[in-house]
Amino acid sequence: MDHEGVKGPATRSAARRRRGRTPKTFWRKIREPLAQSRFVKNAIASLFAQFVRLVRLTNRAVDGSAQMSGGAYSQFEPAIIALWHGQHLLTPAYYPGGRPVVAMVSRSADAELNALMIEKFGIEAVRGSGGREGSKRRDKGGAKALIALKKSLATGKNVAMIADIPHGTPRDAGLGIVLLARLSGRPILPAAIATSRRKVLERSWDKTTINLPFGRSSIVLGAPVFVPANADEAEMERKRQEVTAALNAATAEAYRLVDGPK
């Protein structure tokens, strides 16, 4: 008997494991080069941008939705547009063209695609703190970003900024956006965009919402929050809480408008 020609269950199982490992091994080898490829990242960012445009075009604005162009809010410009993490993905498509805006984007590697995507809408990205860098480098990056955003506001550009801190407490504003308002003298404008069709990533720290096409949409702009130039620590904390409350109220109203009465 040819024992080499007889394969038992253990031998066949081992062979299957080797075959199963081949695609995984191949993916591990190409994953890093793909992540570093500017071409690949640009291609992915382009796909994201096209999807966001599709969502914008196929979601009818409901009654009561605010207009981001002109209207009563133009008197507050240049303004700091405040958004929540995970609720901001549609903003580039809804922001009116022809009006300069600068957006603060984390310096983390994961946020690079977001920076590339918003640039395809003509929005300038300023990289702020974040990622896996040390605390001193994060602080330095955040300070540089605030200076750049302050300069943008001084030249008449609006600024879009995520109010809550990455991987901190979701929907609780940090002091960074309040500090920018104090330094620049410009108001914070709470903003929220919602769609009736959406997928919430429940396991994400910020409950990231993926907006879907073919539904209804709403934009809600809250009352502007002004921060005095001489605000002390206690006043800064009060303004931080005011931003949190105003942005949460705008978000709740945006969802109420697209979902209808409960």
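How much space lies in the largest cavity? In this predicted model, the largest cavity holds about 120 Å³. Twelve residues line the largest cavity. Nearest its centre lie M68, E77, I81, R99 and L189. The lining of the largest cavity comprises seven nonpolar, three polar and two charged residues.

The count of cavities of 30 Å³ or more comes to two. The second largest cavity has a volume of about 30 Å³. Its lining consists of W84, Q87, A191, A192, I193, L247 and T251. Strand β6 (188-195) and helix α7 (233-259) are the elements that give two or more residues to this lining. The largest share comes from β6, which supplies three residues. By class, the lining of the second largest cavity has five nonpolar and two polar residues. No charged residue takes part in the lining of the second largest cavity.

Strand β6 also contains T195. T195 counts as buried because its relative accessibility is 0%, and the cut-off for burial is under 20%. The side chain of T195 makes a polar contact with the side chain of N211. The distance of this contact is 2.9 Å.

Helix α7 has 27 residues. Its end C-alpha atoms are 39 Å apart, which agrees with the span of 39 Å that should follow at 1.5 Å a residue. D232 caps the N-terminal end of α7. There, a side-chain oxygen of D232 lies 3.3 Å from the backbone nitrogen of A234. After α7 comes G260. The phi of G260 is positive, near 80 degrees.

A pocket was also examined. The second largest pocket has a volume of about 220 Å³. Its lining counts 19 residues. Of these, R56, Q67, A93, Y94 and I219 lie nearest the centre of the pocket. Three elements, β1 (59-61), α3 (91-94) and β9 (215-221), each supply at least two residues of the lining. Ten residues of the lining of the second largest pocket are nonpolar, seven are polar and two are charged.

Helix α2 spans residues 38-58 and has 21 residues. From its first C-alpha to its last, α2 reaches 30 Å. This is close to the 30 Å expected at 1.5 Å a residue. The buried residues of α2 are K41, A45, A49, V52 and V55. These residues lie on the same side of α2 because they cover an arc of only 120 degrees around the axis. The face turned away from the buried side carries exposed residues. They are F39, L47, Q50 and L57.

I44 is also found in α2. Its relative accessibility is 31%, so I44 counts as partly exposed. The C-alpha atom of I44 is separated by 9.2 Å from that of L116. Along the chain, I44 and L116 are 72 residues apart.

Methods. Residues are numbered from 1 along each chain as its sequence is written. This is a predicted model: local features need pLDDT of at least 70, side-chain atom pairs count only at pLDDT 80 or more; totals for chains, interfaces and linings use all residues. Side-chain values use heavy atoms; hydrogens and water are left out. Helices (H or I, at least four residues) and strands (E, at least two) are DSSP runs, numbered from the N terminus. The expected span of a helix is 1.5 Å times one less than its number of residues. Buried means under 20% relative accessible area, exposed over 50%, partly exposed in between (1.4 Å probe, protein chains only). The arc is that of the directions from the helix axis to the C-beta atoms. On a 1 Å grid over the protein atoms alone, a cavity is a set of points where a 1.4 Å probe fits but cannot get out, and a pocket is an open set with protein on both sides within 12 Å along at least five of seven lines; lining residues have an atom within 4 Å of a point. Grid points are joined across faces, edges and corners, and a volume is the space filled by probe spheres set on the points. Ala, Val, Leu, Ile, Met, Phe, Trp, Tyr, Cys and Pro count as nonpolar, Asp, Glu, Lys and Arg as charged, and the others, Gly among them, as polar. A polar contact is a pair of N or O atoms within 3.5 Å; within protein, one must be able to donate a hydrogen and the other to accept it, and residues adjacent in sequence count only if both atoms are side-chain atoms.
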